[in-house]
Amino acid sequence: MCGIIGYVGPRVAREVVVAGLRRMEYRGYDSAGVAVIDDGKIELRKKAGKIGNLEAELQRDPLSDTEIGIGHTRWATHGGPTDENAHPHISANGKVAVIHNGIIENFAALREELETVGVPFQSGTDTEVVAQLLGREVEAGADLAAAMRTICKLLEGAFTLVAIDVTQPDRLVAARRDSPLVVGVGTDENFVASDVAAFIEFTRSAIELGQDQVVDVNRELITITDFAGNPATGKHYQVTWDLSAAEKAGYDWFMRKEIFEQPRAVADTLLGRHGEDGALKLDALHIPESHLRTVDKIIVVACGTAYYAGLVAKYAIEHWTRIAVEVEIASEFRYRDPIITGRTLVVTISQSGETADTLMAIRHAREQGARIVAICNTNGSTIPRESDAVIYTHAGPEIGVASTKGFITQVTACYLLGLYLAQIRNTMFGDEIAQVMNSLTAAPPLIQKVLDTLEPIKDLARTLLGKPSFLFLGRHVGFPIALEGALKLKEIAYVHAEGFAAGELKHGPIALVDEGVPVFVIVPPRSREQLHSKVVSNIQEVRARGAVTVVLAEDGDDEVVPYADFLFRLPKVPTILQPLVSVVPLQYFACELATLLGYDVDQPRNLAKSVTVE
Ligand code: M6R
């Protein structure tokens, strides 16, 4: 949600800031704005809509060349996506400009107090109260960092704030609680941002701020304190990827690029997981084996696509370890009073590591005594930091709002976790684990094979263009893939789509099947005979009612041929690993359909990449 950047240094600040906003536009694109300080005054440009609108405004009415600037790209929460509500917000006395990511939950009460003493407001945002509070502190003579610490104590909710002050025009002051903030450390220049992508062009040296910290940044110095003013430290790290990973590399969409990166992403997630003795190792799993042997229940908590990865995990982990696995939508978890004990292992899955619903769910689980394992793609983000252990999915930056390589690597990491638990609990023999690991290691070239045969999906998208509704069916691990196929289509092509467990069809959803309704069916491998034959019957059932059947079945499966209006061949893989190949054509179909419909695939309406509000 919302991308924020601040820059101080010798470059033209507005250029650095706008370039950073471009790289963070995936975080929100309802409006964008930039503020700089020139000649004792704040200069501000902000516009509703995507960053292109702001750039046009900057062309029409340029900002001065300055050495300090802040910028914001917004996903609207309080106040509609208008010019007035766009950030930065300036205090009524014109002294301070502020950008914000998150929600100030007590803004209404704070605003009322300020209005009672005559402070005028310009916008309908929660953020403006921060600008007004800081403006008053600074007016009363407070140093900007001290002012930030004072007002942070008044705020409830989640926030990352960055402020500049006309009376101290060489510094940026930022604060964070439950919302991301990283400092980019340059030479004679420094950056603050929601995401390293914003400054990766200039530096790969970063400091991740901790919870409830304030950072005071000028060209040379970075000073971190807690909200009480005590010296504090952040976590210094080097970003392992470079600018090219954050760019489209000739693809029309980040999503398409990320679909094609999947073989490498899976290979990287698997890399280095074997110890010298051949046993599986998960280095960052800092929970003692003795504890993992006592676990009697696993609860997976996640949202959206990550939740579907969790559903795949259930099939694999239960089968391999015989531990009961529950999979929960994170936003529902803590409100239903879940049964958690010290023997419960909570596995949380999040690409961004920032999803507020997921974060709150793991905090709740921790309070109840559970240990937490995070499966996450974003190094140093909040969720892994608040977990007992982490398995990083080395997918590289995922920028398309619709998750693709994020999902496939989450599934891969879940397999690794399941096999590791099976190894230490002796629920599988070593050679059985090795066999699955061999199949996993063989998966990247097979995913590549799927990518090499996607051309007919383009024709399929053209054929099905204009259909108002799509259904997706699967059984076993094919069921979460059906849900994921439908979600991809809803998210980026804005068409009605639903995924079902194929066996549920006859219990209601089959009433939706009509002449010409496209039904995608993920067929399990023939080696799972019963499962396979049931799904083949399901295809016949929908076809008999006039559906257009799009069948995804493994190479050599001839039984499905008579019932498939369109047949896509999948490479042969063991049943449990089939999601790694079956999800790819569904991702590509959604991308193609949305492209044909003329939509912005990477920035679908109403969505943002990291959902940092509950
Ligand atoms: O960053 P996370 O994995 O925690 O995000 C969870 C969901 O918001 C995310 O998967 C969302 O559903 C995607 N846009 C789906 O493509």
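## Largest pocket: lining

The lining of the largest pocket divides into 14 nonpolar, 15 polar and 10 charged residues. Here Ala, Val, Leu, Ile, Met, Phe, Trp, Tyr, Cys and Pro count as nonpolar, Asp, Glu, Lys and Arg as charged, and the others, Gly among them, as polar. This is a predicted model: local features need pLDDT of at least 70, side-chain atom pairs count only at pLDDT 80 or more, and totals for chains, interfaces and linings use all residues. Residues are numbered from 1 along each chain as its sequence is written, and side-chain values use heavy atoms, with hydrogens and water left out.

## Largest pocket: size and place

The largest pocket holds about 690 Å³ of space. Its lining has 39 residues; V196, W241, N377, T378 and N379 are the closest to the centre. Strand 14 (235-238), helix 7 (262-270) and helix 12 (382-385) each give two or more residues to this lining. Helices (H or I, at least four residues) and strands (E, at least two) are DSSP runs, numbered from the N terminus.

Why does the largest pocket lie between domain 1 and domain 2? Domain 1 (3-246) and domain 2 (254-441) both give residues to its lining. The domain bounds come from an automatic or database domain assignment.

A pocket is found on a 1 Å grid over the protein atoms alone, as an open set of points where a 1.4 Å probe fits, with protein on both sides within 12 Å along at least five of seven lines; lining residues have an atom within 4 Å of a point. Points are joined across faces, edges and corners, and a volume is the space filled by probe spheres set on them.

## Second largest pocket

The volume of the second largest pocket is about 570 Å³. It is lined by 26 residues, and C303, G304, T305, K609 and V611 are the closest to its centre. The lining splits into 11 nonpolar, 10 polar and 5 charged residues.

Helix 9 (304-321), strand 17 (344-350) and helix 17 (478-493) each supply at least two lining residues. Helix 17 gives the most, with 4. This pocket lies between domain 2 (254-441) and domain 3 (452-596), because both give residues to its lining.

## Cysteines

How many disulfides are there? The count is 0, where a disulfide is a pair of cysteine sulfur atoms within 2.5 Å.

The sulfur of C2 is 17 Å from the closest cysteine sulfur, in C152, too far for a bond. C2 is buried (under 20% relative accessible area; exposed is over 50%, partly exposed in between; 1.4 Å probe, protein chains only), at 6%. For C414, the closest cysteine sulfur is in C376, at 12 Å, also too far for a bond. C414 is buried, with a relative accessible area of 2%.
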